[in-house]
Amino acid sequence: MAQFQPPVDDMQFVLFDVFKAHESWSANGVLSGLIDKDTAAAMLSEAAKVSAECVAPINRSGDEQGVQWDNGVVTTPDGFKQAYNTFAEAGLSALTGNPEYGGL
């Protein structure tokens, strides 16, 4: 089976060439100092790395094991806790979509 490789180039094309998000960010008084094209590209690259190395390999176990709810306790499939920790350590869990910051 081929290893999953997130389509970062396609994502960047849509984000920057189609939607011109970086232009909107720079025109937004709140976002102009928080995010730019280089930062967003770096974030996409890091998210792609985490997806390819940590999330994709556990997709099957996630489907097969599923999430369990037992007496108020949630148990995730093997590897999911570690994958989330990697995601959080990369700083990606800070992307909240907070409308106060224009959706960042």
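Me: Which pattern does the protein chain follow when read along the sequence?
Reply: This is a predicted model. Its protein chain holds five helices and two strands. Read along the sequence, these elements follow the pattern α-α-α-α-β-β-α.

Me: What share of the residues in the protein chain is buried?
Reply: A residue counts as buried when its relative accessible area is under 20%. The protein chain has 104 residues, and the buried share of them is 19%.

Me: How much of the accessible surface of the protein chain belongs to carbon and sulfur atoms?
Reply: The accessible surface of the protein chain comes to about 7,400 Å². Of this surface, the part belonging to carbon and sulfur atoms is 54%.

Me: Which residues make up the largest nonpolar core, and which elements give two or more residues to this core?
Reply: The largest nonpolar core has seven residues in all: Phe-16, Ala-21, Trp-25, Leu-31, Ile-35, Ala-40 and Ala-41. The elements that supply two or more residues to this core are α2 (21-27) and α3 (37-55).

Me: Is Phe-16 buried or exposed?
Reply: The limit for a buried residue is a relative accessible area under 20%. Phe-16 has a relative accessibility of 4%, so Phe-16 counts as buried.

Me: How many aromatic pairs does a search of the whole structure find, and what is the geometry of the pair formed by Phe-16 and Trp-25?
Reply: The search of the whole structure finds two aromatic pairs. In the pair of Phe-16 and Trp-25, the centres are 6.5 Å apart and the planes are 85 degrees apart. Planes over 60 degrees apart count as edge-to-face, and the pair of Phe-16 and Trp-25 is therefore edge-to-face.

Me: What is the geometry of the aromatic pair formed by Tyr-84 and Phe-87?
Reply: Tyr-84 and Phe-87 both lie in helix α5 (residues 80-89), three residues apart, which is about one turn of the helix. Tyr-84 is partly exposed at 47% relative accessibility, and Phe-87 is partly exposed at 31%. The ring centres of Tyr-84 and Phe-87 are 6.0 Å apart, with 40 degrees between the planes, and the pair is tilted.

Me: Which residue forms a salt bridge with Glu-64?
Reply: Side chains of opposite charge can pair when their charged atoms come close. The structure holds one salt bridge. Glu-64 is exposed, as is its partner, and the closest N and O atoms are 2.7 Å apart in the salt bridge that Glu-64 forms with Arg-60.

Me: Why are Glu-64 and Arg-60 separated by about one helical turn?
Reply: Both residues belong to helix α4 (residues 59-65). Glu-64 and Arg-60 are separated by about one helical turn because their spacing in this helix is four residues.

Me: Which residues form a nonpolar patch on the surface, with about 390 Å² of accessible area together?
Reply: One of the patch residues is Val-18, which lies in helix α1 (residues 8-18). Val-18 counts as partly exposed because its relative accessibility is 45%. The residues that form this patch are Phe-13, Val-14, Val-18 and Phe-19.

Me: What is the distance in space between Val-67 and Pro-77, C-alpha to C-alpha?
Reply: Val-67 lies in the loop between α4 and β1 (68-70) and counts as exposed at 56% relative accessibility. Leaving out residues up to four places away in sequence, Val-67 touches Val-74, Thr-75 and Pro-77. Val-67 and Pro-77 are 10 residues apart in sequence, and their C-alpha to C-alpha distance is 6.1 Å.

How values were computed. Residues numbered from 1 in each chain as written. Predicted model: local features only at pLDDT ≥ 70, side-chain atom pairs only at ≥ 80, totals over all residues. Heavy atoms only, no water. Patch = residues over 30% accessible without salt bridge, like charges linked within 9 Å, V, L, I, M, F, W, Y side chains within 5 Å. Areas by Shrake-Rupley, 256 points an atom, 1.4 Å probe, with all protein chains shown as cover. Salt bridge = Lys/Arg side-chain N within 4 Å of Asp/Glu carboxyl O. Buried < 20%, exposed > 50% of the residue type's maximum accessible area, 1.4 Å probe, protein only. Core = buried A, V, L, I, M, F, W, Y, C linked by side-chain atoms within 4.5 Å. Phe/Tyr/Trp six-rings, centres within 6.5 Å; stacked < 30°, edge-to-face > 60°. Contact = heavy atoms within 4.5 Å.
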